[in-house]
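Subject: Structure for you to look at

Hello,

Here is the structure I said I would pass on. Please open it first and keep it beside you while you read the rest.

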Amino acid sequence: MKTKISLLSAAILSATLTMMPATSHAAIPQTVNGQSMPSLAPMLERTTPAVVSVAVSGTHVSKQRVPDVFRYFFGPNAPQEQVREKPFRGLGSGVIIDAKEGYIVTNNHVIEGADDIKIGLHDGREVDAKLIGADADSDIALLQIKAKNLTEIKSSNSDQLRVGDFTVAIGNPFGLGQTVTSGIVSALGRSGLGIEMLENFIQTDAAINSGNSGGALVNLNGELIGINTAIVGPNGGNVGIGFAIPANMVHNLIDQIIEHGEVRRGVLGISGRDLDNQLAEAFGLDTQHGGFVNEVMPDSAAEKGGIKAGDIITSINGRKIKTFQELRAKIATLGAGAKVTLGFIRDGDEETTKVTLGEANQNKEATAGAVHRMLAGASLENTKQGVKISAVAQGSPAAQNGLLEGDIIVGVNRTKVKNLKTLKKILKDQSGTAALKIRRGESQLYLVLR
Amino acid sequence: MFKNAVLYVGKAVIIGLVVAAIFLMANSYLTNGTLHSQIFKPKDTGRSELSFAKAVRRAAPAVVNIYSLSIDQRRPLNPGALQGLGSGVIMSAQGYILTNYHVIKSADEIVIALQDGRKFTSEVVGSDPDTDLSVLKIEGDNLPVAPLNLNSLPEVGDVVLAIGNPYNLGQTITQGIISATGRNGLSSGYLDFLQTDAAINEGNSGGALINTQGDLIGINTAAFKVGGDSGNHGINFSIPTKLAYSIMQKLIKDGRVIRGMLGVSGDAVTPVMAQIFKLPEVKGVLISGVDPTGPAAKAQIQPRDLIIQFEGEEVPGFEMLMDRVAETKPGSTVTLTIIRQGQPYEVAVTIAEKPINYSQ
């Protein structure tokens with residue numbers, strides 16, 4: 001009995017003793033980096049010097065045909081066109097991504113048509129900038145300035161962003177001067193907005209307004225995650241829906257601009273659509289996200305990689321994609337020659353393949369010239385009826401031979417042409433003259449290539 | 001005897017000290033050592049503190065997009081086009097969905113789109129225009145359900161996230177704080193809104209307001225409009241989950257929300273009114289209008305009567321009186337204490353059922 005009581009009191013004593021330091025442990029406040037009040041100020045002190053204002057000026061030139069009545073009065077030497085010049089000024093933001101080289105990234109729409117671009121640095125300096133290159137479809141432009149003591153911004157891997165991560169937008173809204181706003185990632189991979197040709201936006205609720213364009217969207221470490229580009233606002237102002245071009249996409253484009261002075265768009269060589277409910281049901285799939293492949297172009301990167309019509313592309317380099325537009329934007333901005341791992345579903349099985357992206361446009365014309373020297377200058381496209389001429393360069397051999405845009409080559413001599421592959425094959429064996437059977441609108445005609 | 005007592009106490013003290021020492025040493029070893037961090041700390045504290053991704057992952061799948069399938073009357077055989085209406089929140093695995101009444105009220109056929117891509121046609125279980133809530137139902141397996149915690153009451157300053165489908169862009173998460181709780185008077189006295197500055201726009205209506213744990217705390221319902229100007233101005237309203245949940249249960253049970261009605265309009269007595277009408281005290285509700293066919297009129301209640309008690313309880317304001325009346329089962333008789341021309345009276349009133357105005 002006594003032993004029991006003594007053990008009990010021992011237990012109480014030890015419990016009392018151990019409780020005391022335990023409570024003092026709990027009293028220590030949980031702090032982040034030794035700061036009890038969270039503030040973005042320390043991060044911003046490092047980051048904001050890398051965000052600049054971009055002031056542009058230039059003239060919009062609009063041409064107007066002089067009415068015939070005036071030409072009658074002024075005689076045959078009167079100008080056919082009247083040129084109107086309207087001076088304009090614009091203001092936006094930019095981000096220094098390479099302090100040594102003086103590279104500044106901004107939106108194409110900020111500097112489009114400008115004759116003069118001036119950069120306002122955070123420390124008050126004003127420097128003239130040179131345009132290195134721009135890409136209208138993705139709305140990215142690269143400028144260069146010559147200045148010392150610049151601050152650059154590091155980029156984070158924007159593929160690792162998650163919905164709900166904090167964001168901070170830095171820019172120059174309404175020309176007010178540098179402004180910082182905060183929010184979170186509202187959505188990722190946003191496309192189909194019709195703002196740009198190639199869309200794969202980060203959506204954020206950090207306030208973005210006119211003049212923020214080209215400015216930085218950063219994370220809490222002060223690393224660049226995107227270039228602020230556009231908003232949805234029924235009255236032109238911010239309603240908490242802003243869009244930024246992801247940093248990874250920006251870097252893919254910038255690298256190409258630095259290397260080639262332009263963006264060499266990568267091409268996979270497929271056409272397709274979003275995977276939706278009905279398609280998923282028809283193919284008996286669990287997933288509802290991905291790009292459905294309608295058609296694979298002959299000799300394209302996709303065909304070489306073994307992609308077939310009916311496949312559903314679900315990931316690029318291990319990152320899941322939701323829509324066909326997202327796939328398109330990612331491929332196009334990766335650049336020609338890039339090696340890409342595609343994840344796809346075929347017959348319910350998940351597979352991957354490695355492809356090397358082809359190059360847009362040039363590829364097509366090169367093909368046309370290679371098919372037959374008299375076809376040089378035409379862009380060829382496979383369609384159901386045959387090989388379509390999607391464009392003809394002025395004064396090119398193709399144009400001189402009478403080919404028009406929209407013509408469809410359905411046959412050569414007496415052989416039917418199904419696609420580029422068969423056309424190539426037939427013309428290869430045909431050393432001399434070839435008669436192309438062409439469908440132009442409702443009618444059919446023969447054109448003779450010499 | 002004395003020796004025994006010393007021995008007894010000494011034994012206890014020594015054993016106690018030894019056990020405490022061992023425990024403390026072990027504890028300090030654990031606290032400083034890596035073992036402690038492995039056992040006591042969640043794996044990715046750094047990231048989870050700096051992002052709401054976890055909360056979003058818990059709640060976002062249960063927030064659905066609501067579309068109307070409008071069928072062209074002239075071409076009834078054509079498949080209709082989907083038109084974005086707003087958002088909704090899946091409240092149970094049985095497929096009950098809460099949304100705003102104004103989102104679905106003029107839709108012919110309602111289509112629910114889940115974030116995983118599934119689409120369902122749905123039926124309306126019931127609507128309550130007074131709170132602007134409707135309950136829809138879909139039939140589906142493995143439905144994601146919004147995490148609920150009816151006991152956690154939001155406070156002013158709490159960080160909140162709004163989830164919805166603004167302008168039919170696709171699912172969008174916006175962040176803000178609770179700006180106020182217990183807002184009254186947006187459209188009727190039954191509402192007890194949460195106010196937030198998280199961006200809510202057209203199409204967010206019916207979506208979820210969640211806390212940083214991912215628990216549902218409200219159904220987003222309306223954005224304050226400045227001069228008819230649409231768009232977010234940082235003043236947005238949300239129906240608290242507790243109210244929304246009880247309305248949902250009533251709609252599932254009865255197909256409507258049964259409320260009692262008195263058939264009067266009035267205001268809480270102010271000192272000025274008390275002076276003008278020569279009232280003895282500044283309390284109660286002064287009746288300004290009586291519905292001629294309502295229960296109050298049948299009980300001979302007149303304008304200018306002062307209601308000071310409902311079933312023996314004081315009534316501090318008109319909204320509180322209306323709340324008590326609404327909670328009373330229609331058909332039951334209650335006693336009101338009124339003052340007419342300085343004289344107190346007790347009046348028995350048989351409460352009627354409040355008619356529901358679905359056009360509001």
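Below is what was found in it, taken part by part.

Please keep in mind that this is a predicted model.

Domains of chain A

Take domain 2 and domain 3 of chain A as a pair. Where the two touch, 11 residues of domain 2 of chain A are in contact with 12 residues of domain 3 of chain A. On the domain 2 side, helix 5 (residues 247–260) of chain A gives the most, with 4 residues. That side of domain 2 is made up of 3 nonpolar, 6 polar and 2 charged residues.

The barrel

Chain A also has a closed barrel of 6 strands, in the order 7-8-9-12-11-10, with antiparallel pairing. From one strand to the next, the twist averages 45 degrees. To see one pairing in detail, look at strand 7 (residues 166–171) and strand 8 (residues 179–190) of chain A, which run antiparallel and are joined by 6 bridges. You can find A:Ile170 standing opposite A:Val180, a residue of strand 8 of chain A.

The annotated active site

Which residues does UniProt mark with the feature "active site"? The record, an unreviewed entry, places the feature at A:His109, A:Asp139 and A:Ser213. These residues span 105 residues in sequence, yet no two of their C-alpha atoms are more than 10.2 Å apart, so they gather at one spot.

A:His109 sits in helix 4 (residues 108–111) of chain A. Leaving out residues up to four places away in sequence, A:His109 touches A:Asp139 and A:Ser213. A:Asp139 lies in the loop between strand 5 (126–135) and strand 6 (140–145) of chain A. With neighbours within four places in sequence set aside, the contacts of A:Asp139 include A:Asn107, A:His109, A:Glu196 and A:Thr229.

A:Asp139 is buried, because 25 other C-beta atoms lie within 10 Å.

Helix 8 of chain A

How many residues of helix 8 (residues 324–334) of chain A are buried? The count is 11 of its 11 residues. Among them are A:Phe324, A:Leu327 and A:Ile331, but also A:Glu326, A:Arg328 and A:Lys330. After helix 8 of chain A comes A:Gly335, which has a positive phi, near 95 degrees.

Chain B

For chain B there are some overall numbers. Chain B has 9 helices and 20 strands. Of its 360 residues, 38% count as buried. Among the contacts in chain B with a separation of 6 or more, 61% are between residues 24 or more positions apart.

Regards

Terms used: Residues are numbered from 1 along each chain as its sequence is written. Chains are lettered from A and ligands numbered from 1 in the order in which they are written. This is a predicted model: local features need pLDDT of at least 70, side-chain atom pairs count only at pLDDT 80 or more; totals for chains, interfaces and linings use all residues. Two residues are in contact if their C-beta atoms, placed from the backbone, lie within 7 Å. Helices (H or I, at least four residues) and strands (E, at least two) are DSSP runs, numbered from the N terminus. Ala, Val, Leu, Ile, Met, Phe, Trp, Tyr, Cys and Pro count as nonpolar, Asp, Glu, Lys and Arg as charged, and the others, Gly among them, as polar. UniProt positions are given in the numbering used here, feature names are shortened, and annotations may be inferred rather than shown by experiment. A residue is buried if 20 or more other C-beta atoms lie within 10 Å of its own, exposed if 12 or fewer, and partly exposed in between; C-beta atoms are placed from the backbone. Two strands pair if DSSP finds at least two bridges between them. Axes are lines fitted to C-alpha atoms, for helices over the stretch in contact, and angles run from 0 to 180 degrees between N-to-C directions.
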